[in-house]
Amino acid sequence: MRSPYTFTILEKPEQLDLIYRSLIHLFELSSGDNAILGFENSFTEQELQVYRRSLNDQLVAGSIKILTAQTPEHDAILSCILKQSNQTTTRHVADLQKGFIHPNYRGTSAFSEAMYHIANYAIQHQIDLFTLDVREDSAAHRLWSKIGFMTFGILPDYCRYKGRSYRGHYMHMQVKDLWNKFKHVGEAAGDLTVLA
């Protein structure tokens, strides 16, 4: 059975324009998950403009790509930013950032399909290693650990939320290992659209 979701890689600012409000709504939902993405409240209009400029600048520089999954109604239900260094010696590494799934789509095939597409895209673009950072003991930390990401460092005062300091785990996983874990999803996942 084919996926009901459309997976897309955004590479340019004008592509972001098409789903920006839907993507921001997704990020705002993360405040209900103990601000796991670092967004504690809804965005003010000024914060939206600053964040959009930041994403646009990084897209123009080619340092980020944004994976999204959308419903047939074009609502963003999943996002993950792939951030690469512009240095030739570290272009084989991509940091996964702002990975989030809409609460209504957790437990569906969306996560597995996203992992398949991210790994497949990375292989096609000579990315060999993924890194990420995550709040200790969060649902995200448990999920990344379960699929094979391993901690290579811990930062004691990683983030502060509601008056409490949390440790953060810096994790890594070889792209080929992630692809092997999710390659069975490939046929059902459908195609990844890379907007050029």
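Asp157 counts as partly exposed, at 34% relative accessibility; buried means under 20% relative accessible area, exposed over 50%, and partly exposed in between (1.4 Å probe, protein chains only). Its side chain meets that of Arg160 in a salt bridge (2.4 Å, N to O), and Arg160 is exposed, with a relative accessible area of 65%. A salt bridge here is a side-chain nitrogen of Lys or Arg within 4 Å of a carboxyl oxygen of Asp or Glu.

Before going further, a word on the model. It is a predicted one, where local features need pLDDT of at least 70 and side-chain atom pairs count only at pLDDT 80 or more, while totals for chains, interfaces and linings use all residues. Residues are numbered from 1 along each chain as its sequence is written, and side-chain values use heavy atoms, with hydrogens and water left out.

**Salt bridges**

The whole structure holds 4 salt bridges, including these:

| Pair | Closest N to O |
|---|---|
| Arg52 and Asp17 | 2.6 Å |

Helices (H or I, at least four residues) and strands (E, at least two) are DSSP runs, numbered from the N terminus. Arg52 is partly exposed at 25%, and Asp17 is partly exposed at 42%.

Arg167 sits in strand E7 and Glu136 in the loop between E5 and helix H4 (139–147), so their bridge links parts 31 residues apart in sequence. Both are partly exposed, Arg167 with 38% relative accessibility and Glu136 with 21%.

**The sheet and its helices**

Now to the sheet: 8 strands form an open sheet with mixed pairing, in the order E6-E7-E5-E4-E3-E2-E1-E8. Two strands pair if DSSP finds at least two bridges between them. Strands E6 (150–161) and E8 (192–194) stand at the edges with a single partner strand each, so one side of each has no neighbour in the sheet. On average, neighbouring strands are turned by 25° against each other, direction ignored.

Strands E5 (residues 129–135) and E7 (residues 164–174) run antiparallel and are joined by 7 bridges. Leu132 stands opposite Met171 in E7.

Helix H5 (residues 175–182) packs on the sheet, touching E5 and E7, and its direction makes about 85° with that of E7. Contact means heavy atoms within 4.5 Å; axes are lines fitted to C-alpha atoms, for helices over the stretch in contact, and angles run from 0 to 180 degrees between N-to-C directions.
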